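Student: I would like to learn how to read charged features in a model. Please start with the general idea and then turn to the case at hand.

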Amino acid sequence: MNDHVPAMTLSERADALEEHMMHELERIVVKSALFNLADGKMSDETAALLARNPGKYLVMKEDPRLPKMPEKPALIDYFKCRFASTSHLLQSAALAKKAGHSEKVIMACLLHDVAVAGFIRCDHGYWGAQMIEPYVDEEISWAVRTHQALRFFPDESVGYQYPEAYTKWFGPDYTPEPYIVDEYRRARDHKHYMTARLITLHDLYSFDPDARVDLDEFTDIIGRNFKQPKEGLGLDSSPSAHMWRTMLWPTRFL
């Protein structure tokens, strides 16, 4: 009888399932330090995983659990095969397009949360701008970087108010960190200020769970405004190619 065996928590059941799946794989997947920190763990599981899986090798390229990417991936392939969620990005771009804004504004809206969708949340504006900087016009990457700061500050000229959702999510006493305030002050007089501000405006109304926007609607805009490397996005030698490779092979050991 197991009457006195405590029931497994949801987290423990998830860990057990993951352990089972790990044994089914031909190669061992090791979580990164950042992944473990997100779970409140400061540990390196490599030695333990190798001990539990004698004779197996570590993943050094594709993760078989993920959709297979083309040999020379393009931005659209990342949208389809690596980004966790694209609805918000597509809705934002669709609103900018409907409002008659330029292709650069539409592209900035389409990519404004690219880091959240495929990489990381913290400082996502900065990460996102770095990811796309070699491939887009400076106006687009600057706007993506700066929207992170602008979203915390209202602008009556375009009807943007501090989002009620932020009060709900972060609490009524939350105030942006000094570096965010400084970024906002620098941005106000910048020549591309309005592009970044329009991101925040369309960002605010792009969380409709029932909205359906097709990525194909933006194929031509992407083609004209994103410089696809001939080697494949992430396989070129740009300063941010390694960030795309991290999404291409997120569990590669080294």
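Tutor: A patch is made of residues with over 30% relative accessible area and no salt bridge, with like charges joined within 9 Å. Lys and Arg count as positive and Asp and Glu as negative, while His and the chain ends are not counted. This is a predicted model, in which local features need pLDDT of at least 70, side-chain atom pairs count only at pLDDT 80 or more, and totals for chains, interfaces and linings use all residues. Residues are numbered from 1 along each chain as its sequence is written, and side-chain values use heavy atoms, leaving out hydrogens and water.

Student: Which residues form the positive surface patch?

Tutor: K61, K68, R245 and R252 form it.

Student: How many salt bridges does a search of the whole structure find?

Tutor: A salt bridge is a side-chain nitrogen of Lys or Arg within 4 Å of a carboxyl oxygen of Asp or Glu. The search finds nine.

Student: Which residues are linked with K104 in a network of salt bridges?

Tutor: D137 and E139 are linked with K104. The closest N and O atoms are 3.5 Å apart for D137 and K104, and 3.9 Å apart for K104 and E139. K104 is partly exposed at 29%, whereas E139 is buried at 14%.

Student: Is R145 buried or exposed?

Tutor: R145 is buried, at 19%. The R145 side chain meets that of E133 in a salt bridge of 3.1 Å, N to O.

Note on methods
Patches are made of residues with over 30% relative accessible area and no salt bridge: like charges are joined within 9 Å, nonpolar side chains (Val, Leu, Ile, Met, Phe, Trp, Tyr) within 5 Å. Accessible areas come from the Shrake-Rupley method with a 1.4 Å probe; for residues, only the protein chains shown count as cover. The place of a charge is taken as NZ of Lys, CZ of Arg, CG of Asp or CD of Glu. Buried means under 20% relative accessible area, exposed over 50%, partly exposed in between (1.4 Å probe, protein chains only).
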